[in-house]
Amino acid sequence: MEKITPAYDDIHAIIKDTYTKISEFNPDVIIAISGGGLIPARIMRTYVNKPLFTVGFQLYDKDDKIMPNIKKTQWLDDEIIKEYIHNKTVLIVDEVDDTRTTLFHCVEELKKCCSPKNIIVTVIHNKLKQKKHLLANDIIYVPGTETGDEWIVYPWDCK
Ligand code: 5GP
């Protein structure tokens with residue numbers, strides 16, 4: 001598989017640009033999907049300046065093999081849900097939309113447990129490929145940029 005290696009500055013610029021596209025929706029809170037969404041969500045917080053919480057899902061096993069079912073590894077505390085998520089506009093941040101499995105499950109879990117008012121989904125890269133899931137029509141989806149089906153080596157992936 002082809003690899004691309006975007007530079008940190010390019011990523012920061014993409015996130016800044018994504019913010020200009022989502023700012024009209026006035027997010028109340030940011031949710032980072034761990035681990036790839038952590039650094040992008042923190043960069044996004046520089047612009048959005050709202051509370052940032054983290055959820056976690058695992059789709060690949062320790063040998064980097066895709067698992068038959070996605071596993072929820074971290075979720076939101078009830079008090080946090082009541083104060084920051086319920087009836088609020090939630091901005092979900094991850095680094096890449098590949099098969100869309102992670103984003104889909106995150107959105108479904110949020111809808112099920114927390115009744116947010118609006119959900120905005122952003123990623124740095126959306127891979128233009130067949131997705132395994134569709135996001136519902138009421139989800140505001142704003143990818144930073146689009147790429148082919150290549151492997152993205154982020155600055156934080158480099159040893
Ligand atoms: P999904 O298939 O659910 O859209 O993506 C699952 C996860 O796989 C992503 O959150 C990310 O951690 C990882 N992933 C998928 N494609 C890439 C890639 O090109 N580069 C990196 N670094 N991670 C990826």
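Reply: One place to begin is N87, which follows helix α3 and has a positive phi, near 65°; helices here are DSSP runs of H or I with at least four residues, strands are runs of E with at least two, and both are numbered from the N terminus. This is a predicted model, in which local features need pLDDT of at least 70 and side-chain atom pairs count only at pLDDT 80 or more, while totals for chains, interfaces and linings use all residues. Residues are numbered from 1 along each chain as its sequence is written, and side-chain values use heavy atoms, with hydrogens and water left out.

Me: And what reaches the backbone nitrogen of E79 at the start of α3?

Reply: A side-chain oxygen of D77 does, coming within 3.1 Å of that nitrogen at the start of α3, which covers residues 78-85. A polar contact is a pair of N or O atoms within 3.5 Å; within protein, one must be able to donate a hydrogen and the other to accept it, and residues adjacent in sequence count only if both atoms are side-chain atoms.

Me: OK, on to the ligand. How many residues surround it?

Reply: The ligand is surrounded by 17 residues, the closest being D98, T99, T102, K127 and I152, where a residue is near if one of its heavy atoms lies within 4 Å. That shell divides into 6 nonpolar, 3 polar and 8 charged residues, with Ala, Val, Leu, Ile, Met, Phe, Trp, Tyr, Cys and Pro counted as nonpolar, Asp, Glu, Lys and Arg as charged, and the others, Gly among them, as polar.

Me: Which element gives the largest share of the shell?

Reply: Strand β5 does, with 4 residues, and β3 (52-60), β5 (89-97), α4 (101-114) and β8 (151-152) each supply at least two.

Me: Which polar atoms lie by the ligand's oxygen atoms?

Reply: A polar side-chain atom of T102 lies 2.6 Å from a ligand oxygen, and an N or O atom in the side chain of E95 is 3.1 Å from an oxygen of the ligand. For a nitrogen atom of the ligand, a polar backbone atom of I152 is 2.8 Å away. Taken alone the ligand exposes 500 Å², and the protein buries 89% of that, with areas from the Shrake-Rupley method and a 1.4 Å probe.

Me: Where does the ligand sit, in terms of pockets?

Reply: The space that the ligand takes is the largest pocket, a molecule being assigned to a pocket or cavity if more than half of its atoms lie within 2 Å of its grid points. On a 1 Å grid over the protein atoms alone, a pocket is an open set with protein on both sides within 12 Å along at least five of seven lines, a cavity is a set of points where a 1.4 Å probe fits but cannot get out, and lining residues have an atom within 4 Å of a point.

Me: What lines that pocket?

Reply: There are 26 lining residues, of which Y60, E95, V96, T102 and W151 lie nearest the centre of the pocket. The elements giving two or more of them are β2 (29-34), β3, β5, α4 and β8.

Me: Switching topic, which residues line the largest cavity?

Reply: Its lining is I15, T18, P40, M44, V93, D94, T122, V123 and I124, and β6 gives the largest share, 3 residues.

Me: Last one: which residues does the cis peptide bond join?

Reply: It joins S34 and G35, with omega about 0°, and G35 is in the loop between β2 and α2.
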